[in-house]
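Please keep the sequence and the model side by side while reading.

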Amino acid sequence: MLFFLTKTIGLLLVPSNFLMILALLGLVLLAMRWKRIGQGLAIGGVLGLAILGLSPIGNILTVPLEQRFPPWDPSRGAPTGIIVLGGAINPEISM
């Protein structure tokens with residue numbers, strides 16, 4: 001139960017998912033009697049998605065993560081290993 005709860009909360013707290021849920025909640029409230037609150041949530045969600053999705057804010061936030069480690073320098077020789085996130089790649093198995 002705790003695993004399911006943490007995965008659900010984690011999915012809902014992703015900024016893009018949160019803004020989309022906010023906009024959809026606003027649209028649902030527009031159909032009910034809370035039109036003013038629904039309008040504010042819908043506009044806020046759509047504007048948030050537009051601002052965060054179309055502006056360079058995402059790139060600005062990733063720069064510190066990319067610059068934590070120095071780029072590969074060929075003068076130091078070949079790398080010791082390569083870490084593949086998300087699974088291993090087996091070159092012996094052809095698709």
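The side chain of serine 55 reaches the backbone oxygen of isoleucine 51 at 2.4 Å, a polar contact, that is, a pair of N or O atoms within 3.5 Å in which, within protein, one atom must be able to donate a hydrogen and the other to accept it, while residues adjacent in sequence count only if both atoms are side-chain atoms. Serine 55 itself is found in the loop between helix 3 and helix 4 (57–66), where helices are DSSP runs of H or I with at least four residues, numbered from the N terminus.

This is a predicted model, in which local features need pLDDT of at least 70 and side-chain atom pairs count only at pLDDT 80 or more, whereas totals for chains, interfaces and linings use all residues. Residues are numbered from 1 along each chain as its sequence is written, and side-chain values use heavy atoms, with hydrogens and water left out.

A second polar contact, of 2.7 Å, joins the side chains of serine 75 and aspartate 73, and serine 75 is found in the segment after helix 4.

| Residue | Relative accessibility | Class |
|---|---|---|
| Glycine 40 | 43% | partly exposed |
| Serine 55 | 25% | partly exposed |
| Serine 75 | 65% | exposed |

Two packed helices are described by the angle between their axes and the distance between the axes. Helix 2 (residues 15–31) and helix 3 (residues 35–54) pack at an angle of about 155°, with their axes 7 Å apart, the axes being lines fitted to C-alpha atoms over the stretch in contact and the angles running from 0 to 180 degrees between N-to-C directions. Helix 2 is therefore roughly antiparallel to helix 3, since angles over 145 degrees count as roughly antiparallel, under 35 as roughly parallel, 65 to 115 as roughly perpendicular and the rest as oblique.

Definitions and conventions: Helix = DSSP H or I, 4+ residues; strand = E, 2+ residues; numbered from the N terminus. Buried < 20%, exposed > 50% of the residue type's maximum accessible area, 1.4 Å probe, protein only.
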